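Trainee: I'd like to learn how to read a structure like this one. Could we go through it feature by feature?

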Amino acid sequence: MTRIDQGERAAQREQGRRAGSGGHHAVGDTGSGRPRGRPVGHAVLRAGQGSFLVHRRALVVGVVLTVLLAGAVVASLCVGESFVAPSEVLRVLLGLPSPDRLVVGTLRLPRLVTGLLVGIAFGLSGALIQTMARNPLASPDVIGVTHGAGAATVAAMTFGLTSYTVLPYVSVAGGLLAALLVYLFAWRGGLAASRFVLIGIGISVALGSLTRLLLTKGDYLVAQQAKTWLTGSLNGRGYDQAAPLATVLVLLVPFLLWAARARRGSAFDDDTAIALGIRLDRVRVGLSVLGVVLASVATGAAGPVDFVALLAPQIARRLTRAPHIPLVCSALMGALIVVIGDLLARRLLSPLELPVGVFTALVGAPYLMWLIVRTRSSRSGGTA
Amino acid sequence: MTGNRPTAPGPSRLAARRLTLAYEDRTVVEELDLDVPDGKVTVIVGPNACGKSTLLRALGRLLKPRRGAVLLDGTELARLPTKRIAQVIGLLPQTPVPPEGITVGDLIARGRQPHQKWWQQWSETDETSVSEAMQRTGTADLAERPVDELSGGQRQRVWIAMALAQDTDLLLLDEPTTYLDIAHQVEVLDLVRQLNRERGRTVVAVLHDLNQAARYADHLIAMCAGRIVAQGAPGDIVTAELVQEVFGLASVVVPDPVTGGPMVVPGPLRSPDGTSAGDDVPGGAGGGATVPAARDAAW
């Protein structure tokens with residue numbers, strides 16, 4: 001409480017200083033008689049003509065998650081068939097000569113980078129789609145992307161396409177196509193969130209059956225391979241998969257900046273949002289297309305890593321207690337879940353290696369349930 | 001009263017021309033003309049399903065006209081960017097839903113949305129408007145509280161504060177007193193009238209309660225079955241015949257003991273069609289003729 005107040009006071013001092021220099025500051029504005037009109041819980045950052053609202057608690061959570069993520073990254077590079085001391089890991093990361101360069105830099109790092117990017121992409125995707133659908137259960141798994149990617153990939157494998165350089169693109173195409181189908185059916189002069197989710201579920205189920213049909217009728221070995229892919233695995237993944245994903249993420253940054261602002265309005269009911277001048281259809285389509293692209297590309301890189309897109313935003317939301325799903329924190333949370341999940345997947349039953357998708361749900365789900373139970377007992381609400 | 005062609009009682013920034021409104025295949029309002037008088041409080045009344053809320057939604061571009069147009073300063077609403085409309089017209093829907101877990105201060109600040117750009121998210125003007133809105137609505141002390149925890153009356157004040165922070169010349173309110181007890185209803189309506197008097201804001205409100213409408217309106221519009229049956233100053237148009245025509249209710253119109261304006265008292269209690277008319281009594285909560293009588297006594 002006191003910390004927040006201090007922050008606000010500091011922001012107000014900053015504000016007062018600027019206003020003073022501007023020279024058109026009404027005296028009554030900061031007088032004790034008038035309440036301070038400020039979006040509570042936010043800090044105002046000013047830079048030249050620009051001013052930005054930052055959710056204060058989200059900022060703190062973001063910093064904490066970054067520190068945790070850095071720890072998980074180092075731990076993940078230390079642990080493996082042979083243990084590498086953290087100091088050596090840091091030397092490799094800094095590009096200094098080290099005897100462990102091969103193990104850490106060549107074997108473990110590419111896989112880790114892929115995991116990080118996949119986590120970021122799924123975390124963002126889930127946050128965008130849940131925001132757009134105003135539904136905590138909406139995620140790329142639900143609206144058809146994952147199943148579209150799955151069906152396309154399994155079909156390609158069944159028909160003899162096994163090249164790991166081509167398959168990711170097939171999967172991306174499958175995810176996008178499935179989403180396109182959802183849009184086509186859901187669009188009726190506008191995009192209603194509930195219809196979008198329901199049609200998505202329908203298409204998901206249909207594509208899921210198609211995948212199972214291919215698995216049962218196809219070659220046994222192909223089915224085995226496809227099964228691993230369908231669980232989501234980082235095994236054998238490296239820069240070949242990470243590079244396209246990184247490119248897409250960088251290209252999407254301007255759009256994500258737009259989304260970070262646009263989503264503020266979409267948390268209202270339709271009427272209130274429109275009354276506030278928000279172009280709801282454009283915001284909905286924009287947010288969901290961003291989410292679909294991110295999920296498709298991430299699925300192409302590592303397969304459908306279960307639940308990350310569903311869990312990460314919800315966990316981030318509860319940690320930040322923001323009135324919206326925080327984008328950056330969701331991305332960091334997604335990365336954290338995947339990195340820790342993959343660490344467990346590699347080492348828990350070593351030398352047997354499991355797909356990361358098995359563990360992301362195992363790590364995230366209990367934590368989310370604990371958070372929900374805890375928040376329910378202290379305060380009602382906070383489900384979306 | 002029927003056949004009264006709407007005439008502009010003065011300048012009008014917001015107007016409807018041959019407006020036809022429909023949901024799916026059900027036409028609710030047909031060929032309606034309306035001029036909203038600037039700087040006045042206009043109240044729309046009428047029985048349930050008469051199209052009053054639908055009309056308000058169209059005036060606030062929440063509903064696209066099937067035919068005809070709503071004009072803002074002579075330009076069709078449909079041709080204006082929704083954000084620009086939001087800088088001129090504020091609108092409070094009947095049951096607005098806040099973002100979950102949002103605090104009062106944050107919610108009121110969202111009213112500034114139409115004046116912001118993504119690289120200008122919080123200006124001096126934003127701050128001034130929000131603090132003024134808080135002050136006028138007495139919501140400053142609630143700023144840190146989550147909206148979910150507020151009582152109905154507090155919540156409505158917060159929503160009105162948000163609409164005020166939007167700082168628009170026109171304010172449309174869809175039944176702003178629903179769910180409120182009598183004291184809070186009066187409080188909200190007093191606030192609305194005060195805003196109009198002090199700032200010259202044009203207000204259009206849909207109200208359920210005929211007596212409240214008569215009391216707070218400068219310009220009263222009575223609607224029935226999608227048409228405007230009568231409009232004008234309440235003292236000029238509220239008569240027992242009008243109440244009979246619009247609501248199908250037998251009543252006596254007497255001078256309001258406080259304002260001297262018209263006050264509708266339902267009765268005689270055992271009118272031949274009393275049972276069916278009882279459903280149409282404005283004021284909602286209890287229905288029946290005795291409840292409005294009790295409410296009038298409270299005035």
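Trainee: In which sense do strand β3 and strand β8 of chain B pair?

Mentor: Before we start, keep in mind that this is a predicted model. Now the general idea: strands of a sheet pair through backbone hydrogen bonds, either parallel or antiparallel. Here, β3 (residues 41-45) and β8 (residues 202-206) of chain B pair in the parallel sense, over four bridges. To see it for yourself, find B:V41, which stands opposite B:V203 in β8(B).

Trainee: What is the order of the strands in the open sheet of six strands in chain B?

Mentor: Read across the sheet and you get β6-β7-β8-β3-β9-β10, with mixed pairing. At the edges sit β6 and β10 (227-232) of chain B, each pairing on one side only. On average, neighbouring strands in this sheet are turned by 15° against each other, if you ignore direction.

Trainee: Which strands of that sheet does helix α1 of chain B touch?

Mentor: α1(B), residues 52-59, packs on the sheet and touches β3, β7 (170-174), β8 and β9 (219-224) of chain B. The direction of α1(B) makes about 145° with that of β8(B).

Trainee: And what is the pairing in the open sheet of four strands in chain B?

Mentor: That one has antiparallel pairing, in the order β2-β1-β4-β5. Its edge strands are β2 (26-36) and β5 (75-76) of chain B, and each pairs on one side only. Inside the sheet, β1 (residues 14-23) and β4 (residues 67-72) of chain B pair in the antiparallel sense over five bridges. One pair to look for is B:T20 and its bridge partner in β4(B), B:R67.

Trainee: How many residues lie between the strands in the hairpin of β11(B) and β12(B)?

Mentor: Six residues lie between them, and in this hairpin B:G260 takes a positive phi near 85°. The strands themselves, β11 (residues 251-255) and β12 (residues 262-266) of chain B, run antiparallel and are joined by five bridges.

Trainee: Which residues of chain B does the annotation "domain: ABC transporter" cover?

Mentor: According to the UniProt record, an unreviewed entry, that annotation covers residues 14-250 of chain B. This span is 37% helix and 25% strand, and its end C-alpha atoms lie 34 Å apart.

Trainee: Over in chain A, at what angle do α5 and α6 pack?

Mentor: With helices, you look at how the axes are turned and how far apart they lie. For α5 (residues 145-158) and α6 (residues 167-186) of chain A, the angle is about 135° and the axes are 7 Å apart. α5(A) and α6(A) are therefore oblique to each other. The crossing of α5(A) past α6(A) is right-handed. Contact residues include A:A152 of α5(A) and A:G174 of α6(A). By class, this contact has eleven nonpolar, six polar and no charged residues.

Trainee: How close do the axes of α6(A) and α11(A) come?

Mentor: They come within 8 Å and cross at roughly 150°, where α11 of chain A is residues 280-302. α6(A) and α11(A) are therefore roughly antiparallel to each other. This crossing is right-handed.

Trainee: At what angle do α2 and α13 of chain A cross?

Mentor: α2 (residues 56-78) and α13 (residues 327-347) of chain A cross at roughly 20°, with axes that come within 9 Å. That makes α2(A) roughly parallel to α13(A). α2(A) passes α13(A) in a left-handed crossing. Among the residues that meet are A:L65 in α2(A) and A:L336 in α13(A). This contact divides into 17 nonpolar, three polar and no charged residues.

Trainee: Last one: how many residues does each chain give to the contact of chains A and B?

Mentor: Chain B gives 40 residues and chain A gives 38. On the side of chain B, the elements that give two or more residues are α2 (82-88), β6 (89-92), α3 (104-110) and α4 (124-137). α4(B) gives the most, with eight residues. By class, that side of chain B has 18 nonpolar, 14 polar and eight charged residues.

How values were computed. Residues are numbered from 1 along each chain as its sequence is written. Chains are lettered from A and ligands numbered from 1 in the order in which they are written. This is a predicted model: local features need pLDDT of at least 70, side-chain atom pairs count only at pLDDT 80 or more; totals for chains, interfaces and linings use all residues. Two residues are in contact if their C-beta atoms, placed from the backbone, lie within 7 Å. Ala, Val, Leu, Ile, Met, Phe, Trp, Tyr, Cys and Pro count as nonpolar, Asp, Glu, Lys and Arg as charged, and the others, Gly among them, as polar. Axes are lines fitted to C-alpha atoms, for helices over the stretch in contact, and angles run from 0 to 180 degrees between N-to-C directions. Angles under 35 degrees count as roughly parallel, over 145 as roughly antiparallel, 65 to 115 as roughly perpendicular and the rest as oblique. A crossing is left-handed if the near helix is turned anticlockwise from the far one by less than a right angle, and right-handed if clockwise. Two strands pair if DSSP finds at least two bridges between them. UniProt positions are given in the numbering used here, feature names are shortened, and annotations may be inferred rather than shown by experiment.
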